[in-house]
Amino acid sequence: MAAGRFVGRDEELVRLRDAWRRAGEERPCTVLIGGEAGIGKSRLVGEFVQGLDPVRARVLTSACVSLGTGGLSYAPVVEALRPLAVAFSGPALDWLVGEGGHELEPLLPELTGRSESERVEAPPVEAAAQHRLFLRLLQLLERLSTDRPVVLVIEDLHWADHSTRELLAFLARNLRDVPVLLVGTYRTEHLQPGDPLRALLLELDHGRVGERLELARFDRERVAELVERLVGVPVADEVTGEVLRRSDGNPLFAEELLECMRRGDERALPPTLRDLLSDRVERLDPAGRAVVEAAAVVGHDVDHRLLAAVAGLDEEALAVGVREAATHQILESMPDGRTYRFRHALIAEVVQAELTVAERQRLHGAIAEAVSARPGPIGSDTDGVVAHHWDAAGIAERALPARLAAGFTAERTYGFGEAHRHFARAAELWEEAGDPPSCAGVDRVDVLERAATAADFSGEHASATRLATDALEHADPQRTGRLRQIVGRSRLLAGDSSTGVEEAGTAVEQLPDTAPSRLRAELLATYGLMLAVTGRSPDRADACCQEARELASGLGLPDVEARARNGLALLGGSDVHGAIEHLHAARALADAAGNVEELLRTELNLAFVLASAGRIADAARVTGDGAARAREFGAGRWQGVLLETGRASACFALGRWDEAEEVLARVLRNVPTGRAARIAGALCADLETARGRFDRAERALGACRQGDLDEEDVAAAAAELALWRGCPDDAIGTVGPALERADEPTTGLGSGAARLRWLAIRAHTDRIAIAAPLRRERVVAEGRRSVAALAEDAARDEGGLPPQRAYAALSVAETSRARQEPAPEQWEIAARRWEALPHLHHAAYARWRQAEALAAGQAPEGAIGQPLRQALASAGELGAEPLREAVEALALRARIAVDVDREDGGQDPETPDPAAELGLTHREVDVLELLAEGWTNPRIGRALYITDKTASVHVTNILRKLGCRNRTEAAAVAHRLGLATPSDPATRADSATPTD
């Protein structure tokens, strides 16, 4: 059998070599190779690496290990980089590590060349520390590639720990102009919904920094080539066909089938690859089985000494067992002469699956005992290995201290995802283990707080809230402050602002007088910022931020001072200059502290202040730069998403709708839930509504109608949709509750409340416009009273910032429309204010209403035509279909010729058009034709590919515009005016059934 020959992946090998060529030209590449078990991922990578000249390439290889809960932080990265301590020494090693080598020390202490007593004290554990570690590893790879290109291979990414995935994404995004190739492999059958590797693959795809190479199964030609090379001689077509049929093109399965055939076992071939591999293991003698079973439970690479300690065999029997496992192509020796590896990881999985629970637990316990007695290299995470095996052995009193030790190790190396899981598991084991003496000095509250903090740092806010809340039930007053801060922050980020702010406030109120000044400064800054962000209690927010700033400045805490200054900036109201000064100072402080989270927060708030001041273009620039920086850092994911959403909002205002749509699609794919998703979903609904894609807008809103922090955005988007659909009652019902909340005292920034007031006035005015022709005097009177009350509140917006004043102008103009008093000059003011910001869609809306008011006042055609054409041009350029239709309908009613590029060729404006005279849109005419045929709303919806609700809305608008009380009267009017023509019922019936 010529099992070592490379078959069937020539095209894929060419792609890998092409990526290597590009990397050699200082165009770094990332290639991720996916496929099912046995498809040949490792074989392809091995062939590629083997073909590299070691003089011209430096190859670093490693693999991820499956260790269940927690895992080993950065395990494959440490495995790949540790040999550098041997390859480099003295000044060369110092140069490679660089001045920031102390930040690598927790992960790779051997690279610093310092003894344990000489090591620099690790920096404090904080979210930003992980970013600094990432930067040092990036720098190390860049320096390593100066003498020859580097290939970093990480196999089995489906088992990668959280920190390794984050690091890989960071490196892929940030390697620039250096000859580095990153290669990873993963099993596609492991990618179930919710698998964290999916997020990594999507991120690399969307950022266009990764190349996916999916390995397909072999076709008949490739199977024939494989069979011939394995057998060594040409074989009959029947043999190839049988192998292809049974293996379904999986190369490893095909090899195993051929081996069975070679032994003459083809009459009883196992039906699956796992059965084949199981059959191979069953043929081993007892010594071989013992070796293979022990190796399977150990994991990836099995050290000979560890195998000897675990297998329960003497030296002679162990040698026999290893030899037999190798003969049967189950285990293979590694080049170092000290370790073994399964020929394929699937064999280890098969062996483990066939062990009984008692057998597995016994082996796990033996492995934990052996590893504990023989620690690994300095910096290796033996704590994580021991924790995994004691836990799997079911011995809680040994698993608990091991989980704690593993959590501390992950914490020191800034592997926050793994620290979270180790500590959370330790908390679960606490009662089961009976609070053993080996955990003296640490109690369950400590463990829960560490787990919650690590979860918060890694972005798992729901888990952080649950863990910290659990700890609060048992915590003393000295520790409740920080725990409540974690709960408050996590609640806020999850969208529950009321609970979040309440928890942060309680943390400050219950802080003992004996609490450290640093903790007081942190809690005050956090609470003050939360109050400022949510618009609650501005005076209290200002007092908290001022005290926090003074404390932080005196204690030398730049990151805490930066947080306090962010709060003060948001409290600045109309003092935009003062707010920007605070934010520039906060940016410098966060930068000096190396605190990525505070830096991104500052960028986000700066963009918000600029947008509130009407500097939309500047806000777009800041959000774009900030989002790029967030991607570069690979940290502060939620802030990065908010920056991306801010950029989309600015693009929407500036008329760059395709760009906005692209950004929002990326955000909603990556972050489907939480506060950021709600903000993005509301903006997505605004965009879809403006484009006339009402069903998509409804779906976007359906996904984000939860939480209270961003209710203004969601309610406003829902009201816009209802109004453009012609349902003002729905808009009124949506805006009311949100407007009550928005009327609470605010910071003075933002224009959400002003927008809600305008939409409320507009909704009541549209309702009046429907009721007035029908002589529904009570509805008209009620509507005008509501408008008058809202107009009084809206008058306050006139003294605000530019966007607030622009909304105030719209409110004033809508109020005149409610009184049926044409006021084109007020619409002119509104249009100019929106054009100055700019917000092109709002400006076009105001121009349309201005033309409508001029037409109602019987102004000359030239006066009406100017704003009409401005509105039509803007609507056309933006792709704002509902607005374009409304402007066109007005042009036809006013009999003003405009350049309209219509799919139906348009109509001579001199020719009376009854539909235009009645203000019917093109879609309403389509609906009226079917209504006149006696069709129901569901049937109309199916025929026109719209929802039943949308059809109902169109029918309601038609009845209003025709002045009819029911569908029968509307049908009669349609036939009388020639708006409906009898048609072949069979044709109509066919058209009512959508096709696939």
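**Terms and their grounds**

Author: Let us begin with arginine 491, which, leaving aside its neighbours within four places in sequence, is in contact with Thr465, Asp496, Thr499 and Gly500. Please keep in mind throughout that this is a predicted model.

Reader: What makes Thr465 a contact of arginine 491?

Author: Contact means heavy atoms within 4.5 Å, and Thr465 is listed among the residues that arginine 491 touches in that sense. Arginine 491 itself has its place in helix α23, residues 477-493. The C-alpha atoms of arginine 491 and histidine 461, which are 30 residues apart along the chain, are separated by 7.3 Å.

Reader: Why is arginine 491 called partly exposed?

Author: The relative accessible area of arginine 491 is 31%. Buried would require under 20% and exposed over 50%, so with 31% arginine 491 falls in between and is called partly exposed.

Reader: Why are α27 and α28 called roughly antiparallel?

Author: The axes of helix α27 (residues 558-570) and helix α28 (residues 576-593) come within 8 Å and cross at roughly 160°. Angles over 145 degrees count as roughly antiparallel, and therefore α27 is roughly antiparallel to α28. The crossing of these two helices, α27 and α28, is left-handed.

Reader: How do you know what classes of residue make the contact of α27 with α28?

Author: The contributors from α27 include Pro558, Ala562 and Leu568, and those from α28 include His582, Leu583 and Leu589. Ala, Leu and Pro are among the residues that count as nonpolar, whereas Asp, Glu, Lys and Arg count as charged. By class, the contact has eleven nonpolar, two polar and three charged residues.

Reader: What makes β2 and β5 edge strands?

Author: Five strands form an open sheet with parallel pairing, in the order β2-β3-β4-β1-β5. In that order β2 (58-63) and β5 (211-214) each have a single partner strand, so one side of each is left without a neighbour in the sheet. From one strand to the next, the twist averages 15°.

Reader: How do you know that β1 and β4 are paired?

Author: Two strands pair if there are at least two bridges between them, and seven bridges join β1 (residues 29-35) to β4 (residues 180-187), which run parallel.

Note on methods: Residues are numbered from 1 along each chain as its sequence is written. This is a predicted model: local features need pLDDT of at least 70, side-chain atom pairs count only at pLDDT 80 or more; totals for chains, interfaces and linings use all residues. Side-chain values use heavy atoms; hydrogens and water are left out. Helices (H or I, at least four residues) and strands (E, at least two) are DSSP runs, numbered from the N terminus. Axes are lines fitted to C-alpha atoms, for helices over the stretch in contact, and angles run from 0 to 180 degrees between N-to-C directions. Angles under 35 degrees count as roughly parallel, over 145 as roughly antiparallel, 65 to 115 as roughly perpendicular and the rest as oblique. A crossing is left-handed if the near helix is turned anticlockwise from the far one by less than a right angle, and right-handed if clockwise. Buried means under 20% relative accessible area, exposed over 50%, partly exposed in between (1.4 Å probe, protein chains only).
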